[in-house]
Structure formats: C-alpha cells, structure tokens
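Here is a guided walk through a protein model. Keep the sequence and the coordinates open as you read.

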Amino acid sequence: MTHIYNSKTPFERAALDHVSLKISSGSFTSLIGHTGSGKSTLVQHINGLLRPSSGSISVGDFVIEPQKKKQDLKPLRARVGYVFQYPEHQLFEETAIKDVCFGPMNFGVSAAEATKRAEECLTLVGLPSLFWHRSPFDLSGGQMRRVAIAGVLAVHPEVIILDEPTAGLDPHGQKEIMELFHKLNKNSKLTIIMVTHNMGDAALYSDQILVMEAGQLKMSGAPEEIFSREQDLRNMGLDVPETMVFLDKLTDKLGLEKGRPVFTLSETADRVADLLNGGAAHV
Amino acid sequence: MEKIIEVSGVSYFYAEDDPWVLDDVTLSVNKGEWLSIIGHNGSGKSTLAKCLNGLIVPQKGSVRVGGFDTKDETNIWEIRRLVGMVFQNPDNQFVGATVRDDVAFGMENHGIPREKMIDRLAQSLRLVKMEKFADSEPHRLSGGQKQRVAIAGIVALQPLIVILDEATSMLDPEGRREIIKTMRTLNKEHGLTVLSITHDLEEAVNSDRILVMNRGKVVREGSPREIFKTPELLEKIGLDLPLAIKLRRLLNQRGISLQDTALTQEDLVNELWTLRSTM
Amino acid sequence: MFNLVIGQYVPMESRVHRLDPRSKLISVFLFVIIVFLANSWLANIVLLLFCYAGILESRISLPFIFRGLRSILVIILFTFFLNLFFSSGGRLLLSLGWIHIYQNALIQSVFIVIRILVIIVVTTLLTLTTSPMEITDGMENLLSPFKKIKLPVHEFALMMSISLRFIPTLLEETEKIIKAQAARGSDFTSGSLKNRMKAIVPLLVPLFVSAFKRAEDLAMAMEARGYHGDTGRTRLHKLVWNRRDTVMMMIMALLAAILILVRVSGCW
C-alpha cells in the first residue's frame, strides 16, 4: 500500500493551508480547482520538489518532514514520476529514445536495460519505431508529448503525477492520452494523481476526486459524490461534466427530479430514455 | 452580402519537396459573420490563417482582403491593420512592458497620432474589460487576460476582421469562456467579423458558418446544421462531435426517433420535450 | 528569488519619479563622471548630501535602499580592504605582521567606498524611480542623433525593452524545467563539478529551444501587428521636458561647479 499523508502544510504565502489527505496505491485520483488554488503546489510536495513548511508527507515508507533538511530525494523520485504541464518542453537529447533513457539512467539503470525500457515505453505510448531515432524536435507536438510521457514511465514509477496531461492537444490526442493512463492504472496498477481542469476526464477516470480552493482541500470523494454537490462546485466557480449539464437542462425543461450524476454518454442516453418513458407514464 | 476576404485557388508549400500544405483552397468571408474553421492538427488551417494577413504569400492563387491583394507589397501594412490575429500562446505575443504599452504597440506601428491613440486605448480596454489592468505587467496576468489584451490591441486598430488562431487552446475553462464571451459581444454588438480556427466544437456549433479542412483542402462548408447533418464524415477525418450529436445518435439506437436537426444541447432538449408531450 | 533592489522599479509619486527620463539619464551620466573630482572630505560630504537629498525627494525609504546595498556589501568591503592594505603614503597607523596601514591609504579607501556607494545609490535611484519603458524611451531619444550615422538605435532600444519584459517569463520557465528534470532524477545541486556541468545540459537545451520558439512566435506576432521598424511609427509615450528637468540640469551644473571649486581651492 502506498499512503500519501500530507498534513498541516502552510507553505509560503500559504499556498497550502493545513491539507491532509490519503491516496491508496493503485487508485486514480483527480485534483480539481481554479488556477491558483494550490493543486500544482500540493502535488509537487509528493515527490519532494517542494518542501512543506510544517506537516509531513509519506510515500510508502519514505517520509518528508520540514526538519530533515539534507535528504536524498532520489529514492522517492524513482518511485513517484511527474509529468509536467506541456512535458514536451523538457526534451533535450539528440534522439527520442535517448531522451527516454535519461530518466532511468539517472536512477542507476544500465544503458542496455534503459534502452530496453525505452523501447517498451515508446511502444506503450504509441510512437511508431521509425520516429525513435529521430530528433525529438522534428516530431509533431502530440508525438513530442508521447516521448516525454515515455521518459517518465521508463523510470518504472509506482505513482505518477500528471499536471494537465492533455492541455493543448486536439480532442483526438486528448482522448488517446487519457485512455493510455486509464489502461496503465487498470492493468499495471499504476497509482495516478492527476491535476485537471477537464471535469469530464476527472469524472470518467477517477476513483477519487479532490477539490481545492485557496490552498485548502474543500471536498474529497468518489466522482458521483463530488458531482452530486453541484451547487457547491458552482459556488467555487467550477463546472460539472457536460453530460450532467445536459441532463440538468432536460430535467428542468421536463419538470422532473434530477437523478444521480452520470458521466458516460451511453448512461446519459439510458437516462434520457428513462426520463421520456417514466415521464410518459405519469401523463 | 459584402465579402471582405476572398481566397481563390490558393496553394502553398513550405519547401520545394514538401507536399502542399494548402491545396487549391477557395473561400470567402462575409462582413459581420462568425466563421469557424475546424480540422485536426496539420490540416492546414493555421497556414491558411497566415495567408489571410500576408504573413505568407501563397505560390498559387490569390488572397484579397478588403479589395487589396496580399501579393502587392505596397498594401501589406494596410492588410495587416485590417486583419487582426490572436495567436495560440498568450505569452509569445505580448510585446509591451505593461498592458497599456502592449495595446499601443500596434497603433504605434501603424502611425496613429498620439491623441487618437489615447482615446482608442481607453475604449478598447473597456471593450475587453481590462481597463483596471492598464498598468499591469504581463507576468501578473492570467492567460485569458493576456489574450483579452491581445484582442484590445487589435480592436484599437479598427480592423475588418479578427482571426483567432486556436487562441483559447492554452487557456483554462474560465479563460476560454472569457475570450468567447468577449468575442461574441464584439461580433454581435459591434459588427466585428470573426474567423475562429478551433478544436472546440461547442464553440463551432454557435457560429454562422463552418469550414472543414482536411489535408490542405476545404472538404465541407456550410451552416453548422448542414455540417453536422452528416457527422460520419467529420469522424472519419478524426474530429470530435458536439455532445448533442453524439447523444442524438445513441438515442436513435435506443428506439427514440429524433430528426437530424438538433445541434446544440438546447435544440435537443426542446426536441425531447416536444417528443414527450406527444407521447 | 533574488534580494536585489537594483534594477527594480517602484511606481510612486514623487518629484524624482516625475522627472523626464532623459534628464535623469543625463544626470546619472554626469554624476558618475564628476564623482571622480571628489578627493577631499568636503567634496565627499557634498556627494553624500546630494544622494541623501535625492533619496528624500524620491520618497523611497532609506531602509529599502540599504537592504538592496547589503547584497553588494562584499564587493564594497573587498575594495576597501584591498586599498587599505596595498596603498601607502603618510603616517604609518598600524603594523601587524605583513599588514601595514598608512594614513593616506585609510583616507583613500574611505573615499573609494564613498565613491562606489554614491554611484550605486544614484543608479539604483534611477531604476527605482523610472520604469524600464521610460528608460528605453529616454535612451532611444538621447541616442537618436546616432541614427543619422545608421546606428540601429531604435532596434537596440526595442531589443532592450523586450528582453526586460521576458525576464520573468524565462525565470518561470527555468524553474519549471529544473523541476521537470529533477523529477527525472537529474541533480543540479550535488556531486562533482563534472557531474554538475553535465546536469546543466538538460536544463540549457530545453531553455534555448523554448527561447528560440518564443522569439519566432514573437517576431511573427509583431509582424502581424504591423511592426516594420522605426519608419512611420508614432509613440504613445511622449517625453516632455519640463521646467523641473531644466532645474535638475542646473543642480547638476552647480554640483559640478562646487566639486571643481573644492578641488582647485584644495581645501580640507
């Protein structure tokens, strides 16, 4: 079990204010909230990029505390991968495959093993092998993003942090990237922590959603639980998934009760069919 | 209807051995309309946008803006005044040290007298609701605010048309809404023509006309209703569909027979409401 | 990030803020020259008083300026002791092993420190009271005679203002790339010098790539917004030379006259 426990963390300018939470291993957690609500600050504590001013963070048996100043963070970072927003900006090597090897080799993996991992990961992210030995800067934006993601996966982390992994991609690319992480979470039991503005993605893929506002953790729970508190979310200036927006409009128009939130299209269609039939029965 | 941009038979390639990025493109933009161009990455839509203000001049065909041909070097600066362009990355188009300086930048380039500049600066900042930030530095603004400053800088030049080149794709949902709302007001209340290159289909369904591009060609052109009547084509070239259309299909599969006219969520809600009252 | 007061602009209302950037630039330029006339106690006191008056007029708090000076304290002390130990002349004041301190050396060292101090205070005052935009506008205007001999004065000023505008953006970017590479196990802070040098490549390459991309984007955006050099360009910022600027020039002339007088009269 991987537990991440993070308590009492008033960071400078109080970017985070007494946040406590737990994330279980193998889960998919989404963090939602306004720009500047402290989502990115929070996740940067998880792999030690930022230090708490007070409180502590534990990842498995690794503990970060503000008192322990000189601490080797490498073992932690090998376990917790981090895909930054626009990760293609971190590419620097001559070839895509070399860039993917950079991470594993920093953590002491041999060159041969790193290359093997790189090939596996590039296949996994769906980059055709004819691009492997090209300069990453000759690839398209979407392909560069895949290389960068492979570079984080090749370290073989147990936990991976995603900071808006689909930002700036076209809808098709967005869907492919999300499907990839969904698969990694389900099949390889990779723990995923995702910062996102996309409520649809948060609702569809997460086991748990955390809602941040002004450095505080305001809500946490399963997607259904979070999105049934629609009014609270709206008060924070946050949206609900499109499917719910549509059903709200429909139930309003038909003068029927809102049901529990649904997120997939086919569930939504089922609900609409029910509403029509159920509604008809009353007439 | 008055045509402000006419593109006829335009083809363009970046280098001799590269394939055509634009392949015999013909289109026109009408005064006062909101035209959306959709297509996946690499379909040539951004290249097309750069042809419209003479940033690139096509090897074949002609582009006429407000009667001027972009091939004619003498008109190029007037064309660029008439065709304002908001680019994707909010940071990489902010030239001035402050909001005020940035809005003024375009006007300074076009030699607008200082007294007029001051008036227009105040006006255009009011239009995009950024008047409170006149002295702010760019790194203190959100992406959406920076894009609104870019719009103000264009509006101040009193252009014929504003091109949004994926101008909302790097913004958070709030920033995106701000930009679309600002542009809607400018389009509806001030008669500004808008050409939006976008992936956001919910935005596209609300436009007056849509152009679909694929592999450098215009493959479809028409009102949103006409375009989404045959969603299969859009899917085939890798585009997403608006929620109402995806849902409409699923409902048809569940035996709820709907017409193929519903486009927006409101349309579909109304149709379902009518359907229910006749059941 | 850095506790540097030098180069920061503090927007406020004061007589110094309201001065035309040109008169401030000329004053600072003159000041840096005439400082070297001061070789007596009286002259140095005049300089210090002038700076003090300048700070008072600018309404910027004295502690704020001192805090900024702290970061260059090392340089000042280093110069002080270097002079103190290695010049001679006058009475021997102190002799400790190989260190001999002479009276003249002590006086000269104090003068040098005052000189550095007042130059820094005056230039800091310039940047604290004048926005980067004003400084570049003022420079461009002052250097405009050089346009006649085809020096790219306008382009130079524009380049300067754009680089100032992008400093915060690039700092943010650097921080992000450092973090991204650290998350991939790169280590910038420990290890041998060779390892550290190696760790700089994954930082510099992305930074350059992104800077070039930005430059390309920016050039295109500028062209789209009608930028075509200096020809036919109007200005939002109008530099207005007021009476207070003429007064400032007179003050500088007087200061120079006083320093010259003190020097020739050889008093004190």
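The paragraphs below take up the chain interfaces, then salt bridges, aromatic rings and cysteines.

The model is predicted. Begin where chain C meets chain B. The contact takes 27 residues from chain C and 34 residues from chain B. Together the two chains bury about 2,800 Å². Carbon and sulfur atoms give 57% of that area. On the chain C side, three residues stand out: Arg165(C), Arg225(C) and Leu236(C) supply 30% of the area that chain C buries against chain B, more than any other three residues.

Asp91(B) sits in the loop between strand 6 (83-86) and helix 3 (99-109) of chain B. Arg165(C) belongs to helix 8 (residues 153-183) of chain C. Both Asp91(B) and Arg165(C) are buried. Arg165(C) has a ring contact too. Its charged end sits over the ring of Phe166(C), 3.9 Å from the ring centre.

Now turn to chain C and chain A. Here 15 residues of chain C are in contact with 21 residues of chain A. The area buried between them is about 1,600 Å², and carbon and sulfur atoms give 63% of it. Which residues of chain C lose the most area to chain A? They are Lys176(C), Lys179(C) and Arg184(C), which together account for 44% of what that side buries. Across this interface there is 1 salt bridge. Arg184(C) forms a salt bridge with Asp99(A), and the closest N and O atoms are 3.0 Å apart.

Next, look at salt bridges over the whole structure. Side chains of opposite charge can pair when their charged atoms come close. The search finds 43 salt bridges over all chains. Within chain C, Arg235(C) and Glu140(C) meet at 3.0 Å, N to O. Arg235(C) lies in the loop between helix 9 (193-224) and helix 10 (243-265), while Glu140(C) lies in helix 7 (residues 132-143), so the pair ties together parts of chain C that are 95 residues apart in sequence. Arg235(C) counts as partly exposed, at 26% relative accessibility. Glu140(C) is buried, with a relative accessible area of 7%.

Another pair in chain C is local. Asp217(C) and Lys213(C) form a salt bridge at 3.0 Å, N to O. Both lie in helix 9 of chain C, 4 residues apart, about one turn of the helix. Lys213(C) is partly exposed, at 46% relative accessibility. Chain A holds a network: salt bridges that share partners join Glu230(A), Arg234(A), Asp248(A) and Lys258(A).

Aromatic rings come next. The whole structure has 12 aromatic pairs over all chains. Phe92(A) and Phe102(A) form one that is edge-to-face, with 4.8 Å between centres and 80° between planes. Phe92(A) lies in the loop between strand 5 (80-83) and helix 3 (96-106) of chain A, and Phe102(A) lies in helix 3 itself, so the pair ties together parts that are 10 residues apart in sequence.

Tyr12(B) is buried, with a relative accessible area of 10%. Tyr14(B) counts as partly exposed, at 48%. Also in chain B, Arg184(B) lies over the face of Trp34(B), 4.2 Å from the ring centre. In chain C, Phe80(C), Phe81(C) and Phe85(C) form one aromatic cluster.

Finish with the cysteines. How many disulfides are there over all chains? The search finds 0. Take Cys101(A) as a case. The closest cysteine sulfur, in Cys121(A), is 9.7 Å from its own, too far for a bond. Cys101(A) is buried, with a relative accessible area of 8%. Cys51(B) is buried as well, at 1% relative accessibility.

Key:
Residues are numbered from 1 along each chain as its sequence is written. Chains are lettered from A and ligands numbered from 1 in the order in which they are written. This is a predicted model: local features need pLDDT of at least 70, side-chain atom pairs count only at pLDDT 80 or more; totals for chains, interfaces and linings use all residues. Side-chain values use heavy atoms; hydrogens and water are left out. Rings of Phe, Tyr and Trp (its six-membered ring) pair if their centres lie within 6.5 Å; planes under 30 degrees apart count as stacked, over 60 as edge-to-face and the rest as tilted. Helices (H or I, at least four residues) and strands (E, at least two) are DSSP runs, numbered from the N terminus. Buried means under 20% relative accessible area, exposed over 50%, partly exposed in between (1.4 Å probe, protein chains only). A charge sits over a ring if NZ of Lys or CZ of Arg is within 6 Å of the ring centre and within 35 degrees of the ring normal. A disulfide is a pair of cysteine sulfur atoms within 2.5 Å. Contact means heavy atoms within 4.5 Å. Buried area is the accessible area (1.4 Å probe) that two parts lose on being put together, summed over both. A salt bridge is a side-chain nitrogen of Lys or Arg within 4 Å of a carboxyl oxygen of Asp or Glu.
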